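The sequence and structure come first.

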Amino acid sequence: MLNIGDILWQLFYLALLVLLFVMVVKAVRFFIKHMTKMNNLKNKRDELNERLKKKDK
């Protein structure tokens with residue numbers, strides 16, 4: 001007969017591992033999304049600079 005306390009501890013650790021995994025996945029997705037946004041902003045800034053340079057000529 002297994003001890004109920006041991007089973008609860010194992011479930012608790014399993015839940016913690018799952019929670020940690022979910023947090024890591026969310027953090028990575030958030031980071032990737034924001035990196036692509038930053039790249040888009042840089043590209044738009046470069047395009048605006050190019051347009052302004054063309055207008056000056």
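How far apart are the mean positions of the positive and negative charges of the protein? In this predicted model, the separation is 5 Å, taken between the mean positions of 12 positive and 5 negative charges.

Some of the positive charge is gathered locally: Lys26, Arg29, Lys33 and Lys37 form a positively charged patch on the surface. Arg29, one of these residues, is part of helix H1. Arg29 has a relative accessible area of 60% and is therefore exposed, since the cut-off for that class is over 50%.

## Overall shape

The secondary structure consists of 1 helix and 0 strands. Helix H1 covers residues 4-56.

The C-alpha trace spans about 85 × 10 × 5 Å along its principal axes. The radius of gyration is 25 Å, whereas a compact globule of 57 residues would have one near 10 Å.

## Burial and surface

Of the 57 residues in the protein, 0% are buried. The accessible surface amounts to about 6100 Å², and carbon and sulfur atoms account for 69% of that area.

Leu2 belongs to the segment before helix H1. Leu2 counts as exposed because its relative accessibility is 64%.

Note on methods. Residues numbered from 1 in each chain as written. Predicted model: local features only at pLDDT ≥ 70, side-chain atom pairs only at ≥ 80, totals over all residues. Heavy atoms only, no water. Helix = DSSP H or I, 4+ residues; strand = E, 2+ residues; numbered from the N terminus. Rg over C-alpha atoms; globule rule 2.2 N^0.38 Å. Buried < 20%, exposed > 50% of the residue type's maximum accessible area, 1.4 Å probe, protein only. Areas by Shrake-Rupley, 256 points an atom, 1.4 Å probe, with all protein chains shown as cover. Lys, Arg positive; Asp, Glu negative; His and termini not counted. Charge placed at Lys NZ, Arg CZ, Asp CG, Glu CD. Patch = residues over 30% accessible without salt bridge, like charges linked within 9 Å, V, L, I, M, F, W, Y side chains within 5 Å. Salt bridge = Lys/Arg side-chain N within 4 Å of Asp/Glu carboxyl O.
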